[in-house]
Amino acid sequence: MKPINMKQKILLLTSFLALLIGSCKEDEILPNPPVISGIEAEYTIIEGETLLLKPTVENSENAIYRWLLDGEEVGNRLEYTFLASSTGDYMVVLTVTNKGGADEKRATIKVLEKEQPPYIGALQEEYAITVGDDLLLSPEFVGSGDITVEWILNDKVVSTAKEYKFTAAEEGEYKLLLKATNKGGTTEKEVLIIVTKKGDAPVISNLKEAYTVAPGIALELQPSVASDTEVTYSWLLNSEEVATTPQYTFKASRAGSYQLLLRVINDNGTSEKKTTITVETRTQNLKTSIHTILPIEFLAFEAIPEGLNLVVTKSPSSLYRVSIGEKQKVLFIAATTGTYTLEVSIGEAVAETIEIKVGGSPKTLSPYIAKVFDYLPAPGQFVNKLPDYSKGDTHEDMVRKAGEWLIGEDAFPITLGGWGGYVIFGFDHTIVNVKGKRDFRVRGNAFGANDNQRPNAPFGGSCEPGIIMVAYDKNKNGKPDDDEWYEIKGSANFSAKDEPWYAIAKESGNDVNVYRDYEMTYYRPTTEEPETEAEPDNPEKYIIIENYIKWEDNKENSGYQFKNVYHRQSYYPGWITEDKMTFKGIRLAQNGVNEGKFYPDINASGIYYILYGYQYGYVDNKPNMDDDSAIDIDWAIDKNGHPANLPGIDFVKVYNGVSQENGWLGETSTEVERGEDLHMLGISIETLKTE
C-alpha cells in the first residue's frame, strides 16, 4: 500500500471515531483500562521446545487480545504458545484493549540451538593384541558442554576416564562398549578386541572383506596386527607388491574391481587377509525447486578432498550456481526449472555424477522486495517525511510504513538520512548468484548534472552512495541474523584513490579517507524553531538553524547538521525516545564538490554542488537504468575480506556511506526505492572484473 491511499485511511479513521463518539452516551462510564502482568521481558528456550505465555490481565471484561510475533499477528486469545522451530531472537507483543484503553507487553524469546550428542572419533572397530599386552584407547570426543564417558566390558562399567587401557590374561574376543553423553544425548561405539596367545602367528584385524570407493578418492587402510615378535608386511594389489608398510593408501582413477592381499609374517608363522576394492563412479538423484538452496552431501566421500572440481555438464539455462561455502559445504541453486547434471571429479577422474531435477515453486514469487525487517534513518532533512511520521508512531509503525513504501513493483523512495541510517529488507525467494552476471538492483534517485562546466569531468550530479550488505537464510528461520551478513565490496570500500574524481575532491579539501571502523553519534536538537532568516532561492541564506543537530565520531571529530529553509520539520526521527543515536560501519570518502567556479553565471554566488558517482557497488549512486547501478553477488566478501562465494541472497541491508554537508543541498542522504531480482525480470547485465 502506498501514500496515495493515506487520505482514504484518514477518512476511514475519522468516520470510525465519529461513530464511536456518537454511540457513547454522555453518562456512559468507561471501564478501567487493562493491566497486563505475568510476562517476563526475556525468555530463553531450546530449539524444538514450546513456550506457553499465560499472562494475567486485570480489567479484562470485553477485552480484545492481539499477539504479534515479529510484527505478524499470531493469536487473539489470552494465552499464546510459541514453538521454537528455528534458532534466533524473536519479539512477541501482546496488546489488550477495552473501551477504557489499552496495555501492551513485549517479550524477547531467545531460541538456542539444540545440543547434539557427542561425536566419537579416532577409534577403530577392531583391534588385535596378545595376552598380557596393553592396548591404550584414546578416542577423540567432539561436542558441546560437559561430556561424560563410560567404558563397559561384560556389562560392567570399567572406567569413566576419556582414555582406557585394556589388557587381558586370556585369549579370546572381547566386546568393549564406549558411551559418551552430554545434554544433547548419548553416542555409543562398540569395539571388538581380539586377544591371541603368545607364540602364535600374527593376527590381522580391522580390515574388511570389501570396500567401495570412487575414482580418484584415497582409501586409507590401517589394519591392527597382534604379534609378540617383530613382523614384516607385504601388500599385493592384483598379485603385485605395492607396499611393505603397516598402512597402505589405495587410489585408482579407473573404475573396476581390485584384489588386495595383506601378508604379515613373524617368527611363528604367516597370516594373510584378502579384501576386494570396487572402484565405481557413484550416482545420485536429487530434487529441489527454483530459488531454493540445496545442500549436497556426496556419496563418494565425506570430507571434500583437495583438487575437487564441480562442473555442471547439462542445464536448461545458465541461471544456476554451485558454490563451496563455509565449512566446505557444497550448495546448489537454480532459477529455471529442468534437469541439471553435476559432475564431481578429482583430477581427471570422475568420482560422482549428480542429477538434480528442479521443479517450480509451490507459491507465486515476486521479483521485488517482499518484506521490510527494520528501518532506522540517521537525522536528515527528509526524515519524518519519507515516509511520513505521525505523532505516536512507534518503531514498529515506521518499519511497517517503510514496507508500505518499498514492497512490490510500485515502490516509493524512503530516506536513510545522514551517515549510518539504514533499512533491512528481504525477498520472498533466494536471488541466484549467477556466475558472470549482475544479480540484483536496488533503485535510488541518483541523477547526473546538466551544468557541470569542469573540463572532462567524471560522472556526477546527485550521487549519494549507500553501502550494501547481503545475507542468505542459512538457518531457514525467515529473517536475517547478525552472523549471516556479508559486505558488497564496492569500488571504494577500502580506498577511493582509484575513483576518477579523487584528485578533484582532495584538491577541494574533502576528507577522502575511508574509515572501515567508523562510529558516529547524533544528539537530539535542543530547538526546532528558526534562529535566522533565510531565503529559499538564495544559496547563501538557506540556513534557519546553524548548530542544529550535534554529532561526534570516533576519529575525534565533531560538528553540527544545519536546518535549512526547505525542510522545517524535525530532522531527528520522531519515534526515537533516546536523546542520542549511534551508528557503526564504513565511512566512504566525501564525494561532494562545489563546482560553481566553473560556471559563475549559474547563480550570484557561484555555488553549484556536484556529488560525484563512485564506479560501482552502491545504492543511489548511479541512475537506475545505468548498468553500474546493478550488483553482482560475487562482489560479496566475508569479515576477513575474502570472496564469500555465496549461492544467492535472501536479505539486503543498505546504509548511508557518506557523511558530508553540501551547501544548500544539505547532507548527503541515501534514498532507497525498489529492489529487483534481475534474473527473474529477464535483465542480463555482464559483471565487471574487479580485484
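**View 1. The side chains of Thr-668 and Asn-662 are joined by a polar contact of 2.9 Å.** This view, like the others, is taken from a predicted model. Thr-668 lies in the loop that runs between strand 51 (648-656) and strand 52 (671-672). Thr-668 counts as buried because its relative accessibility is 1%, and buried means under 20%. Leaving aside residues up to four places away in sequence, Thr-668 touches several residues, among them Gly-417, Glu-464, Leu-611 and Asn-662.

**View 2. Four strands form an open sheet in the order 39-40-48-47, with antiparallel pairing.** Strand 39 (447-448) and strand 47 (592-594) stand at the edges and have a single partner strand each, so one side of each has no neighbour in the sheet. Strand 47 pairs with strand 48 (residues 609-612) over 3 bridges, in the antiparallel sense. Opposite Asn-594 stands Tyr-609 of strand 48.

**View 3. Arg-400 forms salt bridges with Asp-397 and with Glu-404.** The closest N and O atoms of Asp-397 and Arg-400 are 3.8 Å apart, while the N to O distance for Glu-404 and Arg-400 is 3.0 Å. Asp-397 and Arg-400 are 3 residues apart in helix 2 (residues 395-406), about one turn of the helix. Glu-404 and Arg-400 are 4 residues apart in helix 2, also about one turn. Glu-404 is buried, at 16% relative accessible area. Asp-397 is partly exposed at 22%, and Arg-400 is partly exposed at 41%.

**View 4. Arg-263 and Glu-272 meet in a salt bridge, with their closest N and O atoms 2.6 Å apart.** Arg-263 is partly exposed, with a relative accessible area of 28%. Glu-272 is likewise partly exposed, at 46%. The structure holds 28 salt bridges.

Conventions
Residues numbered from 1 in each chain as written. Predicted model: local features only at pLDDT ≥ 70, side-chain atom pairs only at ≥ 80, totals over all residues. Heavy atoms only, no water. Helix = DSSP H or I, 4+ residues; strand = E, 2+ residues; numbered from the N terminus. Buried < 20%, exposed > 50% of the residue type's maximum accessible area, 1.4 Å probe, protein only. Polar contact = N/O pair within 3.5 Å; in protein donor to acceptor, adjacent residues only side chain to side chain. Contact = heavy atoms within 4.5 Å. Pairing = 2+ DSSP bridges. Salt bridge = Lys/Arg side-chain N within 4 Å of Asp/Glu carboxyl O.
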